[in-house]
Amino acid sequence: VLEPTYKHLILMDAADWGGSVVLDDGLFLACDSSLKHKAVMRSNFSSAVAGSEGLFNLSLNGKGVFCIEADAPKEELVEIILDNDVVKIDGNYAIAWSSSLNFTVERSESSAASGEGLVNVYRGTGKVLMMPTAGMPNL
């Protein structure tokens, strides 16, 4: 018997993201009325189809706070800072990323966690927020 899954409310500030952040699908709960929000299309077709992530993500822009719902508490989230660099993350472990980053889905030599041989790739300068327990059952 699996234990119930608990969600964690996480309050974040758009200023910490340079005023522009993209959220993984299904995490957004609420935001300050000063933030502009819009659906943004993935930068390329492969990132939507190959990654099974859909064609759109929610982008929040401006100054203000927002709240997301995650499967892990804030202290377990990992912030990855990129300075004209690249990070590859398996599956849907990345839950938020700077709008300044170029996001694609690419084939990987080895993709142990998800098994399909695809990884999410973030390039440029900005940051990615990773939830290392995404999609894992409670044991």
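Residues are numbered from 1 along each chain as its sequence is written, and side-chain values use heavy atoms, with hydrogens and water left out. Because the model is predicted, local features need pLDDT of at least 70 and side-chain atom pairs count only at pLDDT 80 or more, whereas totals for chains, interfaces and linings use all residues.

A nonpolar core is taken as a set of buried Ala, Val, Leu, Ile, Met, Phe, Trp, Tyr and Cys residues joined through side-chain atoms within 4.5 Å, where buried means under 20% relative accessible area, exposed over 50% and partly exposed in between (1.4 Å probe, protein chains only). The largest such core has 18 residues, and those with the most contacts inside it are Phe66 and Ile68. Two or more residues each come from strands E1 (8-13), E2 (20-23), E6 (65-70) and E8 (94-98), strands being DSSP runs of at least two residues, numbered from the N terminus. Strand E6 gives the most to this core, with three residues. When residues up to four places away in sequence are not counted, Phe66 touches, among others, Ile10, Trp17, Val21, Leu35 and Leu60, a contact being heavy atoms within 4.5 Å. A second, separate core of 15 residues includes Ile89, Tyr93, Phe103 and Leu118.

Rings of Phe, Tyr and Trp (its six-membered ring) pair if their centres lie within 6.5 Å, with planes under 30 degrees apart counted as stacked, over 60 as edge-to-face and the rest as tilted; by this rule there are three aromatic pairs. Trp97 and Phe103 form a stacked pair, at 5.4 Å centre to centre and 25 degrees between the planes, while Trp97 and Tyr122 form a tilted one, at 5.3 Å and 55 degrees. Because Trp97 lies in strand E8 and Tyr122 in strand E10 (residues 118-130), the latter pair ties together parts that are 25 residues apart in sequence.

Three salt bridges are counted, each a side-chain nitrogen of Lys or Arg within 4 Å of a carboxyl oxygen of Asp or Glu. In one of them, the closest N and O atoms of Asp71 and Lys7 are 2.6 Å apart; Asp71 lies in the loop between E6 and strand E7 (78-90) and Lys7 in the segment before E1, so this pair ties together parts that are 64 residues apart in sequence. Lys127 and Glu79 meet in another, at 3.1 Å from N to O, linking strands E10 and E7 across 48 residues. Lys127 is buried, with a relative accessible area of 9%, whereas Glu79 is partly exposed at 44%.

Definitions and conventions
Helices (H or I, at least four residues) and strands (E, at least two) are DSSP runs, numbered from the N terminus.
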